Structures are given as C-alpha cells and as structure tokens.
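Q: Hi! I have a structure open and would like to talk through its side-chain contacts. Could you walk me through it?

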Amino acid sequence: MHPTPHHAVDHTVEPTDDPLAIRLEQLILGAERRYTPFQAARTAGVSMELASRFWRAMGFADIGQAKALTEADVLALRRLAGLVEAGLLSEPMAVQVARSTGQTTARLAEWQIDSFLEGLTEPPEPGMTRTEVTYPLVELLLPELEEFLIYVWRRQLAAATGRVVQAADDEEMVDRRLAVGFADLVGFTRLTRRLEEEELGELVEAFETTSADLVAAHGGRLIKTLGDEVLYAADEAGTAAEIALRLIETMTHDESMPALRVGIAFGTVTTRMGDVFGTTVNLASRLTSIAPKDAVLVDGAFAEELVRTGEAPASEAEAAEEAAKAEKEGREPLSYRFALQPMWQRPVRGLGVVEPWLLSRRRQ
C-alpha cells in the first residue's frame with residue numbers, strides 16, 4: 001500500500017507493476033507482496049472493518065483486493081490490535097496513534113524524496129539514468145536513516161514524557177497553561193507574485209529552518225510551520241519572549257528576509273496529536289495579525305506572567321522607583337530582561353476587546 005495524506009485518500013489507486021518500483025518497494029519494506037487486504041486482516045486475526053480503519057488512518061489508499069501486502073503489514077495490524085485487546089489502548093486511541101504516525105511519517109517521506117533523494121540521485125555520469133542510481137543509493141541509506149529516525153523519535157518521546165510527568169495534575173496533561181507564539185512574514189502574498197518559484201521556496205525554507213533552530217535552541221517547541229508562518233509553544237513566558245525577540249533580531253539582520261511580526265498569548269491550551277488548540281492559540285494568531293512590523297505583541301495574561309516571574313517590571317515608573325531605593329540602600333537594583341508597553345485597547349474578531357502590550361528588551 002502507498003502512503004497518501006489521510007484527508008486525500010485516492011480510492012482508485014492500484015499497486016504499481018513497474019519492475020524497478022516493485023524492487024524498491026521490496027527493498028524498503030524488506031518483504032515481498034503476499035497478501036490481499038482480506039488475507040492480511042484474517043492472518044492478523046483482525047476484522048476487515050478494523051483493518052480498513054487502521055489503514056485509512058495511516059493514510060494508505062484503498063487497493064481493492066489486490067495482492068500488495070507483506071508480512072510487515074500483517075505484523076503491524078497484529079500489534080495495534082494486540083494493544084487494544086490487552087487494554088493498553090482503546091480502539092479510538094489506536095486509530096489515533098495510527099493517524100498521527102501516518103501523517104507525520106508521510107510528510108517526512110515526501111520531504112526526503114523531494115528535497116533529499118532527488119538531489120542525490122542525479123546521474124553522476126552521462127548516459128546513466130536516475131533509476132540506475134536510485135536502488136543502490138536507497139540500499140545504502142535505508143539502514144542509516146532508519147536508525148537515525150528511531151534515535152530522534154526516542155529523544156522526542158523522552159522529552160515529551162518528561163513534560164507530562166511534571167504536570168501538576170491529570171487535567172494539566174491535556175489542558176495546560178502555555179505560552180503560544182505565532183511568527184508571520186509580512187507581505188508574503190505580494191512576494192509570491194514577485195518571486196520565482198525556486199526563490200520563494202528557498203526563502204520559505206530559510207525562514208522555517210532559522211525559526212526551528214531558534215525555537216529549539218532557546219527551549220521552545222515548534223508546533224508547525226505554515227510556509228510564511230511558524231507556531232511555537234513554551235512552558236515559560238520568559239522562554240517564549242526570548243524566542244520572539246531572537247526571531248525579530250535575526251530576521252532583521254537578514255536582508256533577504258521580509259519584515260516579521262510576532263504575537264504571543266498565555267493561558268490554557270488543549271494539546272492533541274502534537275498540535276495546540278483553544279482561545280489562547282486564537283488570541284496569539286489575532287495579535288500577530290495586528291502587530292507592527294518587526295515587533296512583538298503579547299496579551300495581558302502573558303504580560304502578567306512576565307511580571308509575576310520577575311522577567312519584566314510592572315511599569316517603568318515602578319522600576320525607576322525601585323532602582324532609586326536600591327541605590328539609596330547601597331544594593332544592586334532588580335534586573336529585568338524585558339520591557340512591556342501598554343497599547344490601545346482594540347476589538348479583536350471573535351475574542352472581544354483586548355489590551356495588547358508591546359514587548360521589547362529592556363535597556364539596563
């Protein structure tokens with residue numbers, strides 16, 4: 001079966017009969033075609049209905065009753081069904097596991113083929129075809145990429161598990177208080193009309209790569225990229241603020257990049273399948289849309305959290321008063337990383353009236 005996006009299953013797809021494609025498939029899957037879907041489900045001891053749910057969740061196209069499945073497909077079905085039978089997963093949860101894994105790996109596989117293998121399989125000598133290069137290359141890369149994928153997955157799983165076990169209570173494991181930030185390239189629509197496709201692709205890739213590196217380096221989590229927009233989250237308001245300002249500072253010094261604007265909100269967030277949802281996320285998105293160029297707007301809850309944690313003063317007047325008092329008493333004044341400037345209240349579609357705050361680095 002061939003992976004396709006879960007929302008775009010092509011019910012007419014038939015397994016290929018191309019000899020090289022079949023050889024590559026056997027190399028990658030490590031087994032020959034042996035079963036029809038019905039035979040695979042029966043061999044795994046799973047109903048055809050449940051097997052179809054699992055396959056569709058993983059993003060595999062319907063193939064009728066063509067003989068296109070392998071022992072690996074049978075084993076995967078048996079494992080998922082076994083988790084349900086053992087009571088470790090409910091059936092809906094098993095389907096969700098299949099869907100999240102399918103969506104993530106489908107995107108990874110597409111990226112590797114489009115951006116990675118395509119470049120490496122350019123024929124090294126005149127007269128050679130790409131197909132003559134592909135098989136030995138895949139044969140060499142497959143075990144290395146597989147080991148690397150498992151390593152990265154285990155690392156990410158360990159980090160995610162650590163965050164869950166540190167949650168204050170069971171509710172917080174699903175509905176958590178997080179800082180959520182959107183970073184958006186200004187005028188991207190105009191750029192799409194002005195730049196060549198290759199130039200646009202390079203710009204988007206540079207933006208996504210730079211953003212992902214900065215988010216990870218400073219303790220945040222990249223939730224997703226949307227071409228001209230990046231969504232990230234952080235457990236601490238100070239972490240989210242540092243990432244936002246670093247993004248602005250980095251992009252400002254890159255002449256090839258358009259202006260950037262960032263919006264951040266703090267509050268309860270629902271997490272599902274690696275994504276985040278809720279009013280806090282919507283508010284961060286709205287703040288981004290009204291933020292000035294090369295600036296960061298935050299909501300009142302985020303501003304309060306920075307003040308509460310000592311990352312920003314409640315007001316510059318209060319900070320000046322405290323500094324004068326510290327000098328009089330012969331001690332070091334409090335040091336703040338960030339400054340907050342209240343902006344005009346304004347109505348935000350679907351969220352009522354909000355009072356944004358302009359976030360910046362504080363000059364000591």
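Predicted model: local features only at pLDDT ≥ 70, side-chain atom pairs only at ≥ 80, totals over all residues.

Q: Great, salt bridges to begin with. How many does the structure hold?
A: There are 14 salt bridges in the structure.

Q: Take Asp275. Which residue does it form a salt bridge with?
A: Its partner is Lys224, and the closest N and O atoms are 3.1 Å apart.

Q: Nice. What does Arg246 pair with?
A: Arg246 forms a salt bridge with Glu242, with 2.6 Å between the closest N and O atoms. These two residues are four apart in helix H10 (residues 237–252), so about one helical turn separates them.

Q: How accessible are Arg246 and Glu242?
A: Arg246 has a relative accessible area of 34%, so it is partly exposed. Glu242 comes out at 8% and counts as buried.

Q: Which salt bridge network does Glu242 belong to?
A: One that links Glu242, Arg246, Glu249, Glu311, Arg337 and Arg361. Within it, Arg337 forms a salt bridge with Glu311, the closest N and O atoms being 3.2 Å apart. That pair links distant parts of the chain, 26 residues apart. Arg337 is in the loop between helix H13 (316–328) and strand E7 (338–342), while Glu311 is in the loop between helix H12 (300–308) and H13.

Q: What about burial for those two?
A: Arg337 is partly exposed, with a relative accessible area of 37%, whereas Glu311 is buried at 17%.

Q: Let me hop over to Arg362. Where is it found?
A: Arg362 is in the segment after strand E10 (357–361). At 18% relative accessibility, Arg362 counts as buried.

Q: And what does Arg362 touch?
A: Leaving out residues up to four places away in sequence, Arg362 touches Pro313, Glu316, Ala319, Tyr336, Arg337, Phe338 and Ala339. Arg337 in that list also belongs to the salt bridge network.

Q: Changing topic: how many aromatic pairs does a search of the whole structure find?
A: The search finds one aromatic pair. Phe148 and Tyr151 have ring centres 6.1 Å apart and planes at 40°, so the pair is tilted.

Q: Why tilted and not stacked?
A: Because the planes are at 40°, whereas stacked pairs have planes under 30 degrees apart.

Q: Which charged end sits over the ring of Tyr135?
A: That of Arg23, at 4.1 Å from the ring centre.

Q: Last one: which residues form the nonpolar surface patch?
A: Ile150, Trp153 and Leu157 do, and together they have about 290 Å² of accessible area. Leu157 lies in helix H6 (residues 130–165) and is partly exposed, with a relative accessible area of 42%.

Definitions and conventions:
Residues numbered from 1 in each chain as written. Heavy atoms only, no water. Patch = residues over 30% accessible without salt bridge, like charges linked within 9 Å, V, L, I, M, F, W, Y side chains within 5 Å. Areas by Shrake-Rupley, 256 points an atom, 1.4 Å probe, with all protein chains shown as cover. Salt bridge = Lys/Arg side-chain N within 4 Å of Asp/Glu carboxyl O. Buried < 20%, exposed > 50% of the residue type's maximum accessible area, 1.4 Å probe, protein only. Phe/Tyr/Trp six-rings, centres within 6.5 Å; stacked < 30°, edge-to-face > 60°. Lys NZ or Arg CZ within 6 Å of the ring centre and 35° of its normal. Contact = heavy atoms within 4.5 Å.
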